[in-house]
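I opened my notebook to write down what I looked up in this one. Here is the structure, and my entries follow below it.

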Amino acid sequence: MALVVTAALAARRFGLPAPVLLVGASTVYALLPGPTVRLEPDLVLALIIPPLLFSAALSSSLVEIRANLRAVVSLSVLLVVVTALVTGAALVVVVPGLSFAGACALGAALAPPDAVSALSIGRRVGLPDRLRTVIEGESLFNDATALTLYSVAVAATIDGRFDVPRVAGRFLLAVIGGLAVGLAVSWLVGQLRLRIEDPVTETTVSLATPFAAYVPAEALHASGVLAVVTAGLILGSQSRSLLSGPARLHARAVWRLVDLLLEGFVFLLIGQQLAAVIPAIGHYPLSTVAAATAVTVGAVVLVRPLWLLLPAMLPSRLRFLSPHPHLSTRELAALSWSGMRGVISLAAVFALPISVDGAGFPHRDLLVFCAYVAVLVTLVGQGLTFGPVLHRLNVRPDVDEARRQRARARVAAADAGLRTLAAVHDQDQLPDDLILRLRTAAEERKRRSQDSLRALSRADSGRPPTASLTEAFGRVRRTMIEAERDELQLWRDTGHLSDASLRLLEDELDHEEGALPPPQPQPPPS
C-alpha cells in the first residue's frame, strides 16, 4: 500500500503514469534476492478483475456507448478476433511444432487492451469525451471476447482440432449467457436497493455485486466478465433512481479507494512475475525465443493501427464503410496507440494447463515469456508515450465546451427547481420567509452559472479572459469554510463540542465545498 501511494504522489509530481512507475519498481524488486508474489490466475480473474471492471462500468455512460456502438463493436469483437488469429498465424511460422490452436490461445490472451491500464493512463493524460467513451467501451467488452476465444483455443489444443463452427457456437452461448446473468443480477440488485436506506449498507451491496454477477456466470460456462460489465452499466445508468444522494457520495468515495488499491496491486503484480518467467525459457534456442517474441510484440502493436487507419484511407464517398466514420484521422491515430496490455493477458497465459494428457502443454514456457514481454513493451512503452502522442496530434478535451454544457444544465436545473417551488407554494401555503430563502438560494445558483457562461462567451469572442464572479465566489467561500472548520475545531478542543457533533458539522462543510466550482489553475507569471 505504501508503494501504491508513493507511486501516485510521484506520478502527480513528475507527470508520469503511475502504472508505469509501479511496474518498473516491482520489476526491479523481482530482480533482487528475496521472495516474490506469484500470479495466481484464478485469484486474479475471480477476485481482482470483477470489481475493477464493475467500477469502470459504473462510471461509464451507457448512452454514449450506444452512440459509438459501431466503433466499440469493431474494437472489442472484430479487432480482438483478428489480433488473435494474426498472432497465432505468425507464431506458427517461427516456432516449430507449435499448433495453430496453441498459438491462438496466446493471441487471444494478448488481443484485448487492458481496461485497468487504458483507463488509468487515459484519465491522467486527458482525452476528448468521444475518444474516452470508445476506449472505455472497448476495454469493458473486449475481455469477454478474448477470454471466450482463449478458452476455446485451449480446449482445441487439448482435443487436437480447431473446429470453427464449434468456436462460433461456444462464443455465442457465452455472450448470451453473460448478458442474461448481468441483466438478472442488475434487476435483483436494483430491487434490493429500493428497500435499503442506509448508505453504508447500499455501498456494501455495491461492492458485492460484481462477484454476484461473475460467479454464477462462470458456473454456467457463460462470460463472467460480460455479466459484470452488463450489471455495472445498467446499475450505473439507474443510480439516480436507485440511490440517495448520500449513498452515491459514499459509494463513489469507497470505489475510488478500491480502484486505487486494486489497480496498484495489479501493476505491482505484473513486475513481480519477471523472476518466474525468465528461468523457464533456458532450454529454448535464443533464435527461437527472439523470433517468437518479435512476431508476438509486432502483431500486438501493429495490427491495431492497421485496423484503425487503413479504413480511414478509403475515398470520402466510401468512408461510411469504415467502422469508425465519426472519428477523425488524428483521433484514430491516438486510439491506435492506446492498446496497453495488462494483468488479464498475463493471468490468461499463466492459466494455460501445465500438462495435457500427461505431457506438457506445447511450448507453454515460451508462450508465457512472449506474453510477458508484450505486456511490458505495450504498458511501459505506450504508457510513457501516450501523453506525448496526444500532445503531438493535438488531441485534447474541449474543457471550455464541457464547462459551458455544465453551466447551461445548472441554469435549466435551477429553473426547474424554481417552477417546482412555485407549485409547492401554491399547494401547501408555506410561510413567505421560507419560500424567499429557497428562491434566493436557487436564484443564486442560477446567477453563478449565467456568470460562467458570460465569462466563456467573452473568451470565445477574442476579448481578454477575466475571472468570473463564480470563480471569485468559490475562492472566497473556500476561505470562509476553512475559517469555519478552524472555529469548530476550537470549540471541540475547548470542550464545547463533542467529536461526534464535530464530524457531523464537518461533513456539512465538506459537502458544501464539494459543490463549489473547482478552482481554476493560475496562469504562470510573465
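Entry 1, a serine. I started with S239, whose side chain reaches the backbone oxygen of G236 at 3.3 Å. I checked the rule for a polar contact: a pair of N or O atoms within 3.5 Å, where within protein one must be able to donate a hydrogen and the other to accept it, and residues adjacent in sequence count only if both atoms are side-chain atoms. S239 is found in helix α12, residues 239–242. Helices here are DSSP runs of H or I with at least four residues, strands are runs of E with at least two, and both are numbered from the N terminus. S239 has 19% relative accessibility, so it counts as buried. For the cut-offs, buried means under 20% relative accessible area, exposed means over 50%, and partly exposed is in between (1.4 Å probe, protein chains only).

A note on the source. This is a predicted model, where local features need pLDDT of at least 70 and side-chain atom pairs count only at pLDDT 80 or more, while totals for chains, interfaces and linings use all residues. Residues are numbered from 1 along each chain as its sequence is written, and side-chain values use heavy atoms, with hydrogens and water left out.

Entry 2, the whole protein. I noted 22 helices and 2 strands. Of the 526 residues, 44% are buried. I also looked at contacts, meaning heavy atoms within 4.5 Å. Among the contacts with a separation of 6 or more, 79% are between residues 24 or more positions apart.

Which two residues form an aromatic pair? I found F54 and W255, a tilted pair with 5.7 Å centre to centre and 50° between the planes. The rule is that rings of Phe, Tyr and Trp (its six-membered ring) pair if their centres lie within 6.5 Å; planes under 30 degrees apart are stacked, over 60 edge-to-face, and the rest tilted. The count by this rule comes to 1 aromatic pair. F54 sits in helix α3 (residues 41–59) and W255 in helix α13 (residues 245–272), 201 residues apart, so the pair links distant parts of the chain. F54 is buried at 0% relative accessibility, and W255 is buried at 5%.

I found I65 in helix α4, residues 62–67, and at 4% relative accessibility it counts as buried. I65 and G137 are 72 residues apart in sequence, yet 6.0 Å apart in space, C-alpha to C-alpha. Leaving aside neighbours within four places in sequence, I65 is in contact with S60, T133, G137, L140, F141 and L233.

Helix α6 (residues 100–110) is mostly covered, with 10 of its 11 residues buried. Its buried residues include C104 and L106. They pack against α5 (69–94), α8 (129–159), α15 (286–309), α17 and α18.

Most residues other than glycine have a negative phi. I noted H221, with a positive phi near 60°, in the loop between α10 (199–219) and α11 (224–237). H221 is exposed, with a relative accessible area of 70%. Phi of N394 is also positive and near 60°. N394 lies in the loop between α18 and α19 (399–428), and is partly exposed at 41%.
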